[in-house]
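Subject: A structure for you to explore

Hi,

Here is the structure I promised to pass on to you. Have it open while you read, and I will walk you through what turned up.

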Amino acid sequence: MTLDGIIEVAKRAQEGPICLEKDFDLRVLTPKLNEVLKNYDIKFDPKIVVPSDNSLADDVFEAALDLYCYTGTYCITTRRRIIFDESEIKEALKNSPKQVTFGEGKEERAMTHRRIGDQNRPFCFTSGGCSVSEDVYVKLIQSYVQNPLADTASGGFPLNTIFGIKPKVESPTEILASIWNVILVKEGARRANRPNMGFHNILGSALTDAAFMAAAKPEFGVRPVDGVLIASMSELKTDNSQLNKAAYFLQCCQNLGGVYVPLIGGFSGGSEGTAVVTLAHHLQGLLVHQVDYSDFAPLHFRYSCSTTRESLWVASIVGQALSGNTRLLTACEAITAAGPCTDMVLNEIAAMSIVGSASGIHINNASAAKSQYLDRNTGMEGRVGCEVGYAAAGMSRDAANDFVNKLLASYESRLEDPPLGLRFQECYDLTSVKPTEKYVKIHDKFIDKLEDWGLNFK
């Protein structure tokens with residue numbers, strides 16, 4: 001993206017229509033969303049998690065375009081709306097990146113556009129979101145990076161402590177945690193014998209713009225072939241901190257990504273409204289934060305995960321709408337209800353991987369245990385996501401729907417009270433950094449089940 005682009009965004013954030021945040025939510029977004037849902041007659045059928053109706057996907061795209069042309073993005077800091085007309089949005093879509101490259105040398109990987117039912121395998125981000133103890137941080141990162149199927153990995157795990165102290169936002173400890181987050185991530189890649197692997201999200205300990213800028217420097221190992229993620233705030237909002245990050249990283253020639261976590265049950269309403277808003281978030285990421293790639297997880301307000309029936313439908317129809325109407329590069333992310341070393345977590349991850357692979361987009365696996373519990377992520381979840389995503393490449397949407405419904409039947413009733421599973425320290429041998437025999441057995445039994453259902457891992 002261009003310097004002129006971010007300058008124009010900054011100008012509109014200062015000069016756009018004045019609006020209180022409450023009015024944006026209740027008088028701008030909600031009425032217009034209800035209007036476009038009615039006009040385009042968008043309906044969610046709970047039995048069809050992976051729709052095969054191309055016209056439905058096209059309608060979701062057009063509804064999102066209609067919505068975003070009207071609402072724009074709300075800047076919380078300036079209390080103004082950043083608005084683009086339809087021609088500007090379509091021009092940005094026309095000029096969006098065709099590919100993004102991560103890593104270098106033998107670890108170089110290119111993320112390119114996919115189509116619905118694409119025989120080419122999806123690009124596999126591997127990541128998580130829980131906070132991690134200092135003493136196992138490097139080994140947890142190593143567990144992800146050593147997965148040979150992973151195209152990139154993530155440093156998006158916040159350090160629980162730094163030098164034994166809990167980091168606090170807007171304090172020196174946040175800066176230190178962010179810097180050491182990057183240093184330890186790079187050490188994990190080195191120990192996995194993949195030092196040149198790209199990280200699509202280089203750090204997770206930074207919340208403020210100052211911490212991002214302090215940590216994402218070559219002195220600490222960050223390269224142009226790594227990436228950082230800028231979060232769009234729910235729903236269709238930003239603030240000066242996010243815009244500052246965009247302005248800074250656009251000047252650093254860094255890969256720049258967007259992450260969107262719209263809430264099913266929030267101001268987006270149900271599944272239909274969340275699908276439209278999720279796609280509108282992709283337009284916002286492109287135009288406001290000027291990102292090259294995206295990652296999204298439709299989070300269910302009640303269950304705090306993205307693997308419910310409603311969330312999977314949102315991921316599928318948004319993926320299809322983007323695949324068929326744009327060349328935007330995006331991945332759907334599994335935020336699971338269950339924790340590591342359980343059969344349920346593998347079923348949830350597989351469901352999202354099949355949805356993404358069959359719907360023409362890429363996949364990101366996985367944030368276990370709702371990303372809410374200390375040390376509740378391991379490299380095994382990323383491994384399963386990659387294996388299933390690869391095996392599902394080329395699968396028809398009808399076949400994917402059958403598979404996902406079978407998977408849902410195995411865990412849907414447990415979403416209210418999912419098993420927390422085990423911590424990384426209990427799932428992996430900390431000397432060899434290999435999964436325990438218990439977790440390997442759970443994995444192998446699960447893969448055998450999917451093979452019995454007809455998924456070909458060979």
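Let's start on the surface with Phe-163, which is exposed because its relative accessible area is 54%, and the cut-off for exposed is over 50%. Please keep in mind throughout that this is a predicted model. You will find Phe-163 in the loop between strand E6 (153–154) and helix H6 (172–191). Together with Leu-176 and Trp-180, Phe-163 forms a nonpolar patch on the surface, and the three have about 290 Å² of accessible area together.

Next, the empty spaces. Rolling a probe the size of a water molecule over the atoms shows where empty space is left. The largest pocket has a volume of about 840 Å³. Of the 30 residues that line this pocket, Gly-156, Asn-201, Ala-231, Val-259 and Val-261 are the closest to its centre. Which strand gives the most to the lining of the largest pocket? That is E8, with 3 residues. Several elements supply at least two lining residues each, among them strand E7 (199–201), strand E8 (227–232) and helix H8 (240–251). If you sort the pocket lining by class, you get 12 nonpolar, 14 polar and 4 charged residues.

There are also cavities: a search of the whole structure finds 2 of 30 Å³ or more. The largest cavity has a volume of about 60 Å³. Its lining includes Tyr-260, His-282, Asp-292 and Leu-328. Helix H9 (271–289) and strand E12 (293–296) each supply at least two residues of that lining, and the largest share, 3 residues, comes from H9. By class, the lining of the largest cavity divides into 6 nonpolar, 3 polar and 1 charged.

The second largest cavity has a volume of about 40 Å³. Among the residues that line this second cavity are Thr-112, His-113, Arg-114 and His-362. Here the classes come to 3 nonpolar, 6 polar and 1 charged.

Now for some backbone details. Most residues other than glycine have a negative phi, and most peptide bonds are trans. With that in mind, have a look at these places:

- The peptide bond from Ser-234 to Glu-235 is cis, with omega near -20 degrees. Glu-235 sits in the loop between E8 and strand E9 (237–238).
- Another cis peptide bond runs from Asn-365 to Ala-366, with omega near -10 degrees. Ala-366 is part of strand E15.
- Asp-41 has a positive phi, near 50 degrees. Its place is the loop between helix H2 (21–40) and helix H3 (54–71).
- Cys-341 also has a positive phi, near 65 degrees, and lies in the loop between E14 and helix H11 (343–358). Cys-341 counts as buried because its relative accessible area is 7%, and buried means under 20%.

Finally, the charged side chains. How many salt bridges does the structure hold? The count is 23. One of them joins the side chains of Lys-237 and Asp-25, at 2.9 Å from N to O. This pair links distant parts of the chain, with Lys-237 in strand E9 and Asp-25 in helix H2, 212 residues apart. Are these two partners buried or exposed? Lys-237 counts as buried, since its relative accessibility is 3%, and Asp-25 counts as buried at 6%.

Compare that with Lys-32 and Glu-35, where the closest N and O atoms are 3.0 Å apart. Both residues lie in helix H2, 3 residues apart, about one turn of the helix. Lys-32 is buried at 10% relative accessibility, whereas Glu-35 is partly exposed at 37%. Glu-187 and Arg-190 form a salt bridge too, with their closest N and O atoms 2.5 Å apart. These two are 3 residues apart in helix H6, about one turn of the helix. There is also a network of salt bridges that links Glu-107, Arg-109, Arg-121, Asp-151 and Arg-194.

Enjoy exploring, and write back with any questions!

Best wishes

Definitions and conventions:
Residues are numbered from 1 along each chain as its sequence is written. This is a predicted model: local features need pLDDT of at least 70, side-chain atom pairs count only at pLDDT 80 or more; totals for chains, interfaces and linings use all residues. Side-chain values use heavy atoms; hydrogens and water are left out. On a 1 Å grid over the protein atoms alone, a cavity is a set of points where a 1.4 Å probe fits but cannot get out, and a pocket is an open set with protein on both sides within 12 Å along at least five of seven lines; lining residues have an atom within 4 Å of a point. Grid points are joined across faces, edges and corners, and a volume is the space filled by probe spheres set on the points. Helices (H or I, at least four residues) and strands (E, at least two) are DSSP runs, numbered from the N terminus. Ala, Val, Leu, Ile, Met, Phe, Trp, Tyr, Cys and Pro count as nonpolar, Asp, Glu, Lys and Arg as charged, and the others, Gly among them, as polar. Patches are made of residues with over 30% relative accessible area and no salt bridge: like charges are joined within 9 Å, nonpolar side chains (Val, Leu, Ile, Met, Phe, Trp, Tyr) within 5 Å. Accessible areas come from the Shrake-Rupley method with a 1.4 Å probe; for residues, only the protein chains shown count as cover. A salt bridge is a side-chain nitrogen of Lys or Arg within 4 Å of a carboxyl oxygen of Asp or Glu. Buried means under 20% relative accessible area, exposed over 50%, partly exposed in between (1.4 Å probe, protein chains only).
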